[in-house]
Amino acid sequence: MSLTEDERALLTRYLQQGVGSSTERLAAMSQTEWGVNFSGTQEMSAVRVLAWFSQNRQEHICVKFSSTSDVPLEFMIFFSDTSASAIVDAVTAPHKEQLKEVADLLFSTIGEVSNILAQNVLACLSDAYDTTIILTVPEVSRGAKAALLGESLELYDGRKDALFLANVQLHSEKIAAETSMVIIVNETSLRNLFKSKS
Amino acid sequence: MRVIIVDDNDYIRSLLEYLLQQAHHEIVGQAATGQQALELCASAQPDLITLDMSLPDMTGFEVLPKLHANHPHLKILVITGNNSEHLRDEIFELGATALILKPFDLKSLREAINSLSQEGEDASS
């Protein structure tokens with residue numbers, strides 16, 4: 001890990017800013033107010049995150065995005081099964097009848113909620129540095145948290161990539177959901193991006 | 001208007017279908033990929049297409065200019081989860097006629113489509 005303190009602080013700031021600004025849009029989806037709390041954002045080694053995740057054996061849903069643009073990165077959001085179901089129920093409530101026929105509504109909806117969270121974070125980076133960061137369509141999968149993360153680490157290279165973990169609570173009138181966000185980003189690309197405006 | 005819906009997400013396509021029908025538009029096709037969108041536009045000749053910028057086979061940045069070049073009179077409403085101003089400028093440069101953010105509701109959809117209809121009336125008068 002060779003990101004400087006300032007670089008880590010910058011990325012953390014954009015992450016928190018982006019997720020924080022999602023609350024208004026989540027509120028529009030579910031027609032209720034939402035709040036967001038960050039309980040921690042830090043750069044960690046993959047081994048440490050895997051060890052931490054392996055302590056939780058509950059089924060989780062992982063939504064993964066990649067970007068192959070000027071800033072190669074992977075963005076993963078993990079929800080417990082319970083949290084995911086609660087979020088989907090809240091978000092689909094206004095149009096429940098119309099959405100009855102949607103195949104696999106849970107995966108579709110949690111993919112879209114995650115899309116809004118991830119896109120909001122990247123929009124902060126895009127606007128700060130006049131760059132376009134395009135995400136792939138979300139890949140949604142279910143399994144044990146550590147196993148889901150392990151699958152996503154195939155391309156991770158600890159010599160070149162930085163891994164950030166953020167724990168975020170999303171809450172509204174009817175739910176309290178805890179999510180983990182993992183961002184893996186190429187250090188050199190990120191550094192070049194930050195330098196482009198310094 | 002005759003509308004094609006383009007989004008890889010079932011939930012979004014279903015929601016758009018319902019809301020557009022509520023607003024009395026005719027859905028003439030739905031596509032989950034960029035290639036399907038291009039083919040459908042050629043065969044169904046819609047007035048309006050709603051376009052997601054993240055598709056499994058190509059990004060909206062690839063689809064958008066092709067749609068605009070092949071169908072210059074087609075109204076293209078981009079629907080995106082990304083609220084970046086930088087991205088918005090690029091999207092309009094590539095040929096989008098209007099843009100709304102996800103999540104959308106009936107009101108925001110109606111306002112966006114009404115602005116497209118008004119544009120058409122202004123151009124023809």
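Reader: How many helices and strands does chain A have?
Author: Seven helices and six strands. Keep in mind that this is a predicted model.

Reader: In what order do the elements of chain A run?
Author: From the N terminus, the order is α-α-β-α-β-β-α-α-β-α-β-β-α.

Reader: What is the radius of gyration of chain A, and what would a compact globule have?
Author: Chain A has 16 Å. A compact globule with 198 residues would have a value near 16 Å, so the two agree. Along its principal axes, the C-alpha trace of chain A spans about 50 × 35 × 30 Å.

Reader: And how much of chain A counts as buried?
Author: 42% of its 198 residues.

Reader: What share of the contacts in chain A comes from residues 24 or more positions apart?
Author: 73%, counting contacts with a separation of 6 or more.

Reader: Let's do strands. What does β2 of chain A pair with?
Author: One partner is β3(A), residues 73-80. That pairing is antiparallel, over eight bridges. Another is β4(A), residues 139-144, also antiparallel, with six bridges. β2(A) itself covers residues 59-67.

Reader: What joins β2(A) to β3(A)?
Author: A hairpin, through five residues.

Reader: Now chain B. What is the strand order in the open sheet there?
Author: β2-β1-β3-β4-β5, five strands in parallel pairing.

Reader: Which strands stand at the edges, and why is one side of each left without a neighbour?
Author: β2(B), residues 26-31, and β5(B), residues 98-101. Each has a single partner strand, so one side has no neighbour in the sheet.

Reader: By how many degrees are neighbouring strands turned against each other?
Author: 20 degrees on average in this sheet, with direction ignored.

Reader: Switching topic. How many residues of chain A are in contact with chain B?
Author: 28 residues of chain A, in contact with 24 residues of chain B.

Reader: Which element of chain A gives the most to that side?
Author: α5(A), with 13 residues. Both α2(A), residues 22-30, and α5(A) supply at least two residues each.

Reader: What classes of residue are on that side of chain A?
Author: 12 nonpolar, 11 polar and five charged.

Reader: So where does α5(A) meet α1(B)?
Author: Look at A:Leu105, A:Ser108, A:Thr109 and A:Glu112. They meet B:Asp10, B:Tyr11 and B:Ile12.

Reader: How do the two axes cross?
Author: At roughly 90 degrees, coming within 7 Å. The helices are therefore roughly perpendicular to each other.

Reader: Which residues have a positive phi although they are not glycines?
Author: A:Asp104 has one, about 55 degrees. B:His24 has one as well, about 70 degrees.

Reader: Where are those two found?
Author: In loops. A:Asp104 lies between α4 and α5 of chain A. B:His24 is between α1 and β2 of chain B.

Reader: Do they count as buried or exposed?
Author: A:Asp104 counts as exposed, because it has 11 C-beta neighbours inside 10 Å. B:His24 is exposed too, with 8 such neighbours. The cut-off for exposed is 12 or fewer.

Conventions: Residues numbered from 1 in each chain as written. Chains lettered and ligands numbered in written order. Predicted model: local features only at pLDDT ≥ 70, side-chain atom pairs only at ≥ 80, totals over all residues. Pairing = 2+ DSSP bridges. Helix = DSSP H or I, 4+ residues; strand = E, 2+ residues; numbered from the N terminus. Axes fitted to C-alpha atoms, helices over the stretch in contact; angles between N-to-C directions. Parallel < 35°, antiparallel > 145°, perpendicular 65-115°, else oblique. Contact = placed C-beta atoms within 7 Å. Nonpolar A, V, L, I, M, F, W, Y, C, P; charged D, E, K, R; others polar. Rg over C-alpha atoms; globule rule 2.2 N^0.38 Å. Buried ≥ 20, exposed ≤ 12 C-beta atoms within 10 Å, placed from the backbone.
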